[in-house]
Amino acid sequence: MISQYVRNFFRPAWSSAERLNDKTVVITGANTGIGKETAIDLAKRGAKVIMACRDMEKAQAALKEVIENSGNENVVCMKLDLADSKSIKEFAEAINKGESRLNILINNAGVMVCPFGKTADGFEMQIGVNHFGHFLLTYLLLDLIKKSAPARIVTVSSMAHSWGSINLEDINSEKSYDKRAAYAQSKLANILFTRSLAKKLEGTGVMTYSLHPGVVQTDLWRHLSGPQQIVMKMVSPFTKNSSQGAQTSIYCAVEPSLATESGGYYSDCAPANCSAAGKDDDVAQKLWDLSCRMLSIEWD
């Protein structure tokens, strides 16, 4: 897996002039980091961009930046707290009522290696925001997305998924909590969700993608310990800035050659190999069933 990333590092940078006129995009966590850079790029391509953000004060500042940098006035920000199912339902209801189409959903928001905490619904914070929140959001927006086909659902995972496993008996890490293991589990869940969703959406014209953005210098680093932050500073010459980190999200959202591909995992704007656990369809289905039960929804 490491050789694959080294190989990709030396590949020429991907670029595309693909336009998104008359397309509508929702990006979660678009007020900072790769989410904001993704918003700028897709707005430059002519899309209507809806920035779904928890912190509306930061979102307003980011909105101004996205409009100024893209030259596109058709950008809005809306309140979405993925740690609260009430907020997710309110956001989805507003989108379903207010938008005639949703061509691209980018499940970008996330929390990383944070201290143990719980969402409003009692889920461990990392699995709650990174997986359950986006699972529910996608479910609630799916009819509109299907109606807008051809459409794409892009979920930002991480190479950290390869160190994770899905603990179906203790998905909320209540028996014991290791913040790195919980993060890895949530990122593996993103890949399994994408894989299962692709199968369920066969024939609908809606395609799904998961991705590793690279080791990106973002606000997600804020929960790293002092020694870990020193290590990250040492390797920072080999890491990506937010604009570089956004490229694979953008690639999955617009690359024409992916129009018939679904369920795959990508890194550095190219197909990549996920871990064996990321291809386990039995665990993927069990996680799907568990997610539906915990969110009290029926999604066959």
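**The sheet and what packs against it**

Mentor: Strand 1 (residues 24–28) and strand 2 (residues 48–53) run parallel and are joined by five bridges. Helices (H or I, at least four residues) and strands (E, at least two) are runs assigned by DSSP and numbered from the N terminus. Two strands count as paired if DSSP finds at least two bridges between them. Within this pair, T28 stands opposite A52 in strand 2.

Helix 2 (residues 33–44) packs on the sheet and touches strand 1, strand 2, strand 3, strand 4 (104–107) and strand 5 (151–156). Its direction makes about 170° with that of strand 1. Touching here is a matter of contact, meaning heavy atoms within 4.5 Å. The angle is taken between axes, which are lines fitted to C-alpha atoms, for helices over the stretch in contact; angles run from 0 to 180 degrees between N-to-C directions.

Before going on, note what kind of model this is. It is predicted, so local features need pLDDT of at least 70 and side-chain atom pairs count only at pLDDT 80 or more, while totals for chains, interfaces and linings use all residues. Residues are numbered from 1 along each chain as its sequence is written, and side-chain values use heavy atoms, with hydrogens and water left out.

Eight strands form an open sheet in the order 3-2-1-4-5-6-7-8, with mixed pairing. At the edges are strand 3 (75–79) and strand 8 (270–271), each of which pairs on one side only. In general, strands of a sheet pair through backbone hydrogen bonds, either parallel or antiparallel. Strand 4 and strand 5 are a parallel pair, joined by four bridges. Here L105 stands opposite I153 in strand 5.

Six of its six residues are buried, so strand 5 is largely enclosed by the rest of the structure. Buried means under 20% relative accessible area, exposed means over 50%, and partly exposed lies in between (1.4 Å probe, protein chains only). In a regular strand the side chains alternate between the two faces of the sheet. Both faces of strand 5 are covered: A151, I153 and T155 are buried on one side, and R152, V154 and V156 on the other. For the chain as a whole, buried residues make up 56% of the 300 residues.

Back to the helices on the sheet. Helix 3 (residues 56–70) lies across strand 2 and strand 3, and runs at about 170° to strand 3. A salt bridge connects E65 with K36, the closest N and O atoms being 3.0 Å apart. E65 lies in helix 3 and K36 in helix 2, so this pair ties together parts that are 29 residues apart in sequence. The term salt bridge is used for a side-chain nitrogen of Lys or Arg within 4 Å of a carboxyl oxygen of Asp or Glu. By this rule there are nine salt bridges.

R195 and D281 meet through their side chains at 2.7 Å, N to O. This pair links distant parts of the chain, with R195 in helix 6 (residues 179–200) and D281 in helix 10 (residues 281–295), 86 residues apart. D281 also forms a salt bridge with K199, at 2.8 Å from N to O. K199 lies in helix 6 and D281 in helix 10, so this pair ties together parts that are 82 residues apart in sequence. Through shared partners, salt bridges join R195, K199 and D281 into one network. R195 is partly exposed, with a relative accessible area of 24%. D281 is also partly exposed, at 34%, and K199 is partly exposed at 44%.

To place these parts in the whole: the chain has 10 helices and eight strands. Of its contacts with a separation of 6 or more, 77% are between residues 24 or more positions apart.
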